[in-house]
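Please walk me through the aromatic rings of this protein, with their pairings and their surroundings.

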Amino acid sequence: MSLNKKINRLLREIIIAIFVALLIIITPISTFAQSPSPTETPTKGVPVKLDDKTLFLIQYKLFSPSINQRAEGISSRIQQVADNQTIPVDTLRTSNVETEAGTSTIIYAQDIAILAVSDADAKAVKLTQQTLANQYLQTIKNAISQYREERSATYLTRAAITAAVSTIVLILTLLVLWNVIPRFYHWLDAHHQRWIPNIRIQNLDLLSSQQISAIIQGLTRILHFVIVVTLLYFYLSLVLSLFPQTKQFGTSLFANLQAALTAVWQGFLGYLPKLLRIGLIVLLTRYILSFLKFIFTNLERRTLVIQGFYPEWAKPTYQLLSFAIVAVATAIAFPYLPGSDSPAFQAISIVLGALVSFGSSTAIANAIAGFSLVYTRAFQIGDRVQVGDVMGFIEEKQLLVTRIRTLDNILVSIPNSALLSSNVINYNTLLKDRQTPVIVHTTVTLGYEAPWRSVHETLIAAAVATTDILSQPPPFVLQTALNDFYVSYQLRAYTNNPMKLERIYSELHQNIQDKCNEANIEICSPHYSAIRDGNQTTIPSEYLSHEYTAPGFRVNPLSTLFNFINPNSPSVNSQSSSADRASD
């Protein structure tokens, strides 16, 4: 095993161990993060506010009709004191007063009674009355002091200067980004081949340096956009929070961002165990598919042999098993996907399933027929086939259609379902599987005057002289019919090259003509006239001798006909004697 393979194997094992460890460790952590802390108990009460800032909570209505009215009254009086710059903060004090409900502690600002603290208020928070009153007094003093400070001329001037500086820094930062990023793109385009290597596995280039450069540029654009949006967000939050009139809105931007990030983080922690389970499922599925690919690749290359399993079955079988394994893995991982339990997600899944079921029946039928054709071994790429009126060579086998290149170099696409229901004539199957040659045959009609033994020898000689005709097994001739005017001779021969049938037949017919002419065997039309005497022979002139001349017509005397009818007739004999004497 090479060093690279050992390192890759070690890395895979480390990744699996980390996945399992994280799954074990983070599950209880996420459960703890999702569960509320036992010390975090919800607090009841109505807030008392100054400038929309909560100071403390009121949990008892005291003399007011309701808690809300009491809290609103206290907030209004604190606002009145804060707006009155003539009331120093140091003049705020507490005083004990006897009321109908008992002794109460009143918080005063000069002659304004801001708040009365009763025993009921103290018991609600489990403090003494005086302690609670002192806490309220200190809180109110701090809030009024901050309120007045934020509206002072010095504070507003400092806030304006800070906002101006922040604006200048933001503009400079944006200008730097808008100038640096295009320069970085230009530099990357010019020097990517020097600084960025190609990612390859042995001799296979997975990603070129140009593709990696494009990916880096895309990620940089996304990062640039995120940085600009983040800067604008923090700038607005900072500037708005500097001024008391917009401080609440600016603070709310920070609070919303913090809440969003907290929600995302808690959601991530809560989803992390499911994410790790999905990762383990994906990892296990990948290893199973890799193992199956290794097995079927060796089956296809014939380095691994299984009895009865043909090499051409390896690729489609791997595709079927891969689809089934991925489908099972998806079904197992589906409950762990975010939103899988929502009714909307389930409704979309049902609608998509219905669309696939009702809208793709023909496609599914063609796909099933495509796999059926593979396992029936009807044809392979490059085979010469005939389907109906279409004859040609298998150019491409796809999931839904099969493409045949005809003898005229025309590409014909036939749906697999149509092929499955048709008769497919394959000229190559027996030759590939059993080394059985293909028989070529042609029929020649010759007259009865040609000796059949000579005809057999001549036709066999013509077959042997043909380029792609095999001498073993030897060609042979069958006399298929004795017709009225001719005999039908069928020449049958063997060839191992069915891809050239047209050329073989053409050359075979040429050789038949040549051999018949050399053997003085006339290939006449079937209905030649019965009287041949005196006609020019049909053999081409280059096969005849130079002394050949067309014979004349022979006309026998009429006595010959009578002699043929009755050789012993006296009249015939006397006529023959007279003719003989006359000739003498």
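Rings of Phe, Tyr and Trp (its six-membered ring) are taken to pair if their centres lie within 6.5 Å, and planes under 30 degrees apart count as stacked, over 60 as edge-to-face and the rest as tilted. The model is a predicted one, in which local features need pLDDT of at least 70 and side-chain atom pairs count only at pLDDT 80 or more, while totals for chains, interfaces and linings use all residues. Residues are numbered from 1 along each chain as its sequence is written, and side-chain values use heavy atoms, with hydrogens and water left out.

Phe184 is partly exposed at a relative accessible area of 29%, whereas Tyr185, at 13%, counts as buried (buried means under 20% relative accessible area, exposed over 50%, partly exposed in between, with a 1.4 Å probe and protein chains only). Together with Trp187, Phe184 and Tyr185 form one aromatic cluster. The charged end of Arg221 also sits over the ring of Tyr185, 4.7 Å from its centre, where the criterion is that NZ of Lys or CZ of Arg is within 6 Å of the ring centre and within 35 degrees of the ring normal. Likewise, the charged end of Arg384 sits over the ring of Tyr427, 5.5 Å from its centre.

Phe296, for its part, is buried, with a relative accessible area of 10%, and Tyr318 is partly exposed at 21%.
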